[in-house]
Structures are given as C-alpha cells and as structure tokens.
Amino acid sequence: MTGKIIDGKARAAKLRADVAEIVAGFHKAAGFTPGLAVVLVGEDPASQVYVRNKGRETLASGMRSLEHRLPAKTAEAELLDLVARLNADDGVDGILVQLPLPGHISEPAVLAAIDPQKDVDGFHIVNVGRLSVGLDALVPCTPLGCTILAREAMSDLTGAEAVIVGRSNIVGKPMAQLLLKENCTVTVAHSRTRDLADVCRRADLLVAAVGRPEMIRGDWVRPGATVIDVGINRIPAPEKGEGKTRLVGDVAFAEAAEIAGAITPVPGGVGPMTIACLLANTVTAAAMRRGLEVPRF
Ligand code: NAP
C-alpha cells in the first residue's frame, strides 16, 4: 500500500491566496499595504535565487517588496545601520536578512539588531523565547510550514508521538516547540541519539531535518505514520546524463511511501511552504505591530 503524497505545492498556493486576501483586507479596512524588506549581502548564487523568488511572491500577494542588495565587502556597521533604518521605517512590516552572511559579519549581531516585531524569520532571541514560553511569536518559516502540513495530514495532533530528527535552531528546535504547542509528545533526536531507527519507529509523526540524503529508511517508519521530510540534498543523477544531479530528501522516499500513511515528497513538499510562510509571517507581523486582529495559519 502506498501512503498519501502530501502536496506542498498546492497547500502553499492556498496559503499564498489566503495571504493575498488578508493583504487586500488590510488595504480596504486599514488603508495600508504591508511591506517586506529583504537584505542580501554578496553574490551567493543560491541566496540570489531565494531573494528573487521571495520578491516575486511578495509582489504577487499584493504586498510591497523592498530589496536591498549590498556588495560582499559591506562592513558590519553599514549593514547594522541599514537594519536600524528599516526598524525605524513605519512602512516596513517585515525584515529578512538573507543568510549566510559573509564571514566578516557576525550573524548573531545582525539578527539581534532586527526589531523582534519585524523579525519575519523568527530567529530573534525574543521570538525564540516567546515561542518557548507559549506566547504569541513570529516563528521560523520552515517549521511553521511543516506544522501546517502535519496538522492537515493527521486528523488530530493531540497526544501524537512526534519524533524530530535534527536539533538546529532554524528547524529542529522550533519544530519541537510548535509540536509541543499542538500537544504532541515530542522527542528530538540528533547525531548522538542511540538506536535512531528504533526511536523513529515510535513516531506517529516523523520530521526529518538532518541534511543527509535518504538517511531515514523505509523500515524506520511506523506503518501509517505521517512523514515530513525537510531535507534538501543534491545528489549525482548519472541516469539523467553526465554531470546531472537531482534533489532528494533525508528520507528514502520510495521505501517510506510504501509504509507511511502520508508523506511529503522532495521537491514539492516542505520547500514550497517555506516562502508562503514568510508571506504569512509578514501579514502576522503587520497585524501584531499595528494592533489589528492577528490571522491564524
Ligand atoms: P543543520 O543545522 O546541519 O542540522 C542538522 C541536524 O541533523 C543536527 O541537529 C545534527 O545533529 C543532525 N544530524 C546530522 N547527522 C545526523 C545523523 N547521522 N543522525 C542523526 N542526526 C543527525 O541542518 P538544518 O539547517 O536544520 O537543515 C536540515 C535539512 O533541511 C538540510 O537538508 C537543509 O537543506 C534542509 N532545509 C530545508 C528547508 C526548506 O525550506 N525545505 C529549510 C531549512 C533547511 P547534531 O546537532 O548532533 O550535530
């Protein structure tokens, strides 16, 4: 039996449509259009693609997109000065500084300088803290997208055994907080976890955020479990021709899909949700900062 394939692309399209409706509502009822500022330092090719896509989707949702592209040699003080100006600009509702930053700039210093109310990446320590004590917060986009997919794939998350493989600050840890908020019983596994396959087999909900191609095998999956694969790994694909590559997740998809109740593909699962959640966070930030009703996603 093959599990249901969770269509992240379709769900992301619906989320973008919901955001566009909220943006139109803000314009009509409160007379403003939310603005998202994205800052890119340097010419990292992957970051350039991300920033271009973010700008395009921001505009498509009816919001204003403000791009700031700075040369790789930009001094930290200059970047901090730009962040301070964006913090002070009332027309800017969200600020995202694309990571990674060049080595001479301190990422923690820059993330700490962003106004927590405009921190649409949810990386500021204030938002991390608010999420962990159960207060309203801006939460990191990828785990937010995973939570939306999991919530809809499983009839009830309350009491579910959730196992997250990976404990990074951008995926694993916030994922754990969000699933605790959904009343799951949460286990966070990592590179030092003993008997990882056995731990994974306990999961009603298995979230893989490791960065190792197809590490999680089909027989690590509990029959009927929901599997959310965050991993994006590029591997050689000689079958497509010399030098060709393809994307795979952290889960051996073909094997796991035979056992799982529902599973996200890579690509087309969690990936498309991430930028859609950035747009959702921007309208959330706009509503929170301006004292309007905060949308729930
Ligand atoms: P990361 O910071 O490198 O963290 C990887 C985590 O996996 C660490 O906690 C590490 O454990 C754990 N790990 C590594 N090898 C392991 C093993 N053999 N067994 C068990 N755990 C192991 O990565 P990340 O930033 O969280 O990203 C994870 C993956 O998600 C990557 O493929 C990344 O490209 C992808 N990603 C996708 C999106 C998206 O939009 N879809 C967004 C972000 C990330 P230790 O802590 O013990 O080292």
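I began with strand E2 and found that it runs parallel to strand E4 (residues 94–97), joined to it by 4 bridges; strands here are DSSP runs of at least two residues, helices (H or I) runs of at least four, both numbered from the N terminus, and two strands pair if DSSP finds at least two bridges between them. In this pairing Leu36 stands opposite Gly94 of E4.

I note that this is a predicted model, in which local features need pLDDT of at least 70 and side-chain atom pairs count only at pLDDT 80 or more, while totals for chains, interfaces and linings use all residues. Residues are numbered from 1 along each chain as its sequence is written, and side-chain values use heavy atoms, with hydrogens and water left out.

I then looked up E3 (residues 64–70), which pairs with E2 in the parallel sense over 7 bridges, with Val39 opposite His68. From E2 the chain crosses through helix H2 (residues 45–60) to E3 in a right-handed β-α-β crossover, that is, clockwise from the first strand over the helix to the second with the strands pointing away from the viewer.

I checked burial next (buried: under 20% relative accessible area, 1.4 Å probe, protein chains only): 7 of the 7 residues of E2 (residues 35–41) are buried, so the strand is largely enclosed by the rest of the structure.

Last, I turned to the ligand, where a polar side-chain atom of Ser191 lies 2.5 Å from a ligand oxygen atom, and one of Arg212 lies 2.8 Å from a ligand nitrogen atom.

Technical notes:
Buried means under 20% relative accessible area, exposed over 50%, partly exposed in between (1.4 Å probe, protein chains only). A polar contact is a pair of N or O atoms within 3.5 Å; within protein, one must be able to donate a hydrogen and the other to accept it, and residues adjacent in sequence count only if both atoms are side-chain atoms.
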